[in-house]
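Morning, everyone. Have a look at the structure first.

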Amino acid sequence: MKLLKSVKFHGLFRLWNVKEKEVTDALFFSEILKFISNQEANWNPGFFEWYHQEEINFADWQEFEIEVLPLLIIEQ
């Protein structure tokens with residue numbers, strides 16, 4: 001799974017499933033993070049709308065790498 005960042009519209013991203021050749025709708029990063037970090041949903045990629053990669057213009061998107069640090073949540 002790769003993250004694509006919009007070249008034209010600030011703040012929009014897509015997930016790109018290279019293996020299945022699919023991309024998600026354009027979303028804000030906070031929306032993507034909300035679905036990925038939802039403990040109750042157990043990371044279900046079915047939450048996203050997926051399209052075949054041939055349906056988007058890759059010239060408008062660039063691969064984007066982020067570093068996710070591990071989190072420790074302590075319930076009080």
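One helix and six strands: that is the chain's inventory. In sequence order they run β-β-β-β-α-β-β. Keep in mind that this is a predicted model.

Some totals. The chain has 76 residues, and 25% of them are buried.

On to the interior. In soluble globular proteins, nonpolar side chains tend to be buried together. Which residues make up the largest nonpolar core here? There are seven: Leu 3, Phe 13, Leu 15, Leu 27, Ile 32, Phe 48 and Trp 50.

Take Phe 48 from the largest core. Phe 48 sits in the loop between helix H1, residues 29–36, and strand E5, residues 50–52. Buried or exposed? Phe 48 has a relative accessible area of 5%, under the 20% cut-off, so it counts as buried. Its C-alpha is 6.1 Å from that of Thr 24, which is 24 residues away along the chain.

Next, the rings. The structure holds six aromatic pairs. One of them joins Trp 16 and Phe 58: centres 4.9 Å apart, planes at 55 degrees, a tilted pair. Trp 16 is in strand E2 and Phe 58 is in the loop between E5 and strand E6, so the pair ties together parts 42 residues apart in sequence. Trp 16 is buried at 14% relative accessibility. Phe 58 is partly exposed at 29%.

Then Phe 35 with Phe 48. Their ring centres are 5.2 Å apart and the planes meet at 75 degrees, so this pair is edge-to-face. Phe 35 belongs to helix H1, Phe 48 to the loop between H1 and E5, 13 residues apart. Phe 35 is partly exposed, at 22% relative accessible area. Lys 34 lies over the face of Phe 35, 5.4 Å from the ring centre. And there is a cluster: Phe 35, Phe 47, Phe 48 and Trp 50 form one aromatic group.

Ser 6 is in strand E1, residues 2–6. Ser 6 is buried too, at 7% relative accessibility. Its side chain reaches the backbone nitrogen of Lys 8 at 3.3 Å. Leaving out residues up to four places away in sequence, Ser 6 touches Leu 12, Asp 60 and Trp 61.

Notes: Residues numbered from 1 in each chain as written. Predicted model: local features only at pLDDT ≥ 70, side-chain atom pairs only at ≥ 80, totals over all residues. Heavy atoms only, no water. Helix = DSSP H or I, 4+ residues; strand = E, 2+ residues; numbered from the N terminus. Buried < 20%, exposed > 50% of the residue type's maximum accessible area, 1.4 Å probe, protein only. Core = buried A, V, L, I, M, F, W, Y, C linked by side-chain atoms within 4.5 Å. Polar contact = N/O pair within 3.5 Å; in protein donor to acceptor, adjacent residues only side chain to side chain. Contact = heavy atoms within 4.5 Å. Phe/Tyr/Trp six-rings, centres within 6.5 Å; stacked < 30°, edge-to-face > 60°. Lys NZ or Arg CZ within 6 Å of the ring centre and 35° of its normal.
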